[in-house]
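Work through the two exercises below with the structure in view. Try each task before reading its solution.

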Amino acid sequence: MSDDSHESNGHGPEGSEGHEHVPSRQRRSFPGISSRAYEHPADRSALVALRKLSGFDTVFKALSGLLPERSLRLLFLSDSVRVSDQQFVHLHTMLLDACQILDLEKVPPMYVNQDPQPNAMCIGLDEPIIVVTTGLVELLDEEEMRAVIGHEVGHALSGHSVYRTILLFLTNLALRVAWIPLGNIAIMAIVTALREWFRKSELSADRAGLLVGQDLKASMRGLMKIAGGNHLHEMNVDAFLAQADEYEAGGDLRDSVLKILNVLPRTHPFTTVRAAELKKWAESRDFQRLMDGHYPRRTEDKDTSVSGSFRESAASYATNVKNSKDPLMKLVTDIAGGAGDLGGRVRRGFGGANSSPDN
């Protein structure tokens with residue numbers, strides 16, 4: 001289903017809260033949809049493996065006594081505004097709509113927290129809660145916000161809130177034991193792995209947001225605003241996506257290493273990368289089939305093959321490396337293909353093509 005088929009005919013008057021309201025339009029729902037339908041292959045394979053582990057839920061529920069989940073719930077309840085049919089009604093309506101589209105039976109509690117930094121998160125071990133900041137509410141229009149709420153509901157459906165809560169706990173723990181060399185190294189190794197996993201889960205949740213909003217342009221606008229603020233009249237989607245291409249292909253091997261170092265401490269991929277990944281998925285055959293009603297059901301999750309999911313994940317990584325324009329990824333592809341003159345390629349990658357052989 002193309003993006004144009006979902007466009008509304010026009011915009012209504014500005015709402016009392018300053019949000020742009022658009023006429024209601026029919027959105028497709030996905031009864032019984034499994035989160036596997038929209039999950040990134042790397043995210044999906046890990047989740048499938050964990051769901052198959054005997055006692056997994058028991059272990060993490062036992063951990064809940066160590067994690068600050070109850071404290072966080074009390075904090076948001078006491079010092080934020082809970083979204084309901086009486087408070088932030090437009091957000092409450094979007095939340096119910098998102099849960100209906102993705103067939104999430106239990107609607108997660110949602111809070112608006114006073115914070116000028118645009119942000120949203122889904123946390124919790126036993127029951128997920130969604131938190132959005134005032135900075136985000138004020139930045140996005142109605143359709144853009146709908147995609148964000150769908151993004152967070154996607155996290156809840158996939159069970160990502162468990163891992164985000166653990167990541168927050170371990171990150172804080174790493175700061176507390178930083179004076180213990182080996183202890184800090186061990187914890188940071190786990191944190192680094194969780195961050196890589198969570199970056200992939202953000203790509204999954206972006207896809208869930210598109211399934212809820214069913215408006216690719218709104219999803220793109222939201223990501224652009226997160227990157228550049230409320231200045232859409234100064235921004236262009238094609239130019240924004242071109243930045244992602246330039247980021248991937250530009251520079252030499254030094255830049256490839258810097259990209260890795262820049263992304264390691266982050267829980268989210270870079271915004272231009274997210275936009276490019278989402279657009280690519282929206283144009284894929286998988287998305288078209290999903291919108292046509294052909295998708296995996298939750299009732300089939302227990303029969304999902306762990307090895308099959310890992311093969312899909314490995315194939316996805318291999319395809320990304322093969323098709324990547326990044327200098328380091330090109331070098332990896334050449335090595336795997338048995339390319340000759342490795343030393344020369346490395347020198348050229350580091351800008352040494354114009355230097356003398358002695359150098």
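Helices are DSSP runs of H or I with at least four residues, numbered from the N terminus, and the expected span of a helix is 1.5 Å times one less than its number of residues. The model is predicted, so local features need pLDDT of at least 70 and side-chain atom pairs count only at pLDDT 80 or more, while totals for chains, interfaces and linings use all residues. Residues are numbered from 1 along each chain as its sequence is written, and side-chain values use heavy atoms, leaving out hydrogens and water.

**Exercise 1**

Compare the span of helix 10 with the expected one, then find which of its residues are buried and which are exposed.

Step 1. Buried means under 20% relative accessible area and exposed over 50%, with partly exposed in between (1.4 Å probe, protein chains only). Phe240, Leu241 and Ala244 are buried.

Step 2. The buried residues fall within an arc of 95° seen down the axis of helix 10, so they line one face. The arc is taken from the directions from the helix axis to the C-beta atoms.

Step 3. On the other side of helix 10, Asp238 and Glu246 are exposed.

**Exercise 2**

How many disulfides does the structure hold?

Step 1. A disulfide is a pair of cysteine sulfur atoms within 2.5 Å.

Step 2. The sulfur of cysteine 99 has its closest cysteine sulfur in cysteine 122, 10.0 Å away, too far for a bond.

Step 3. The structure holds zero disulfides.

How values were computed: Helices (H or I, at least four residues) and strands (E, at least two) are DSSP runs, numbered from the N terminus.
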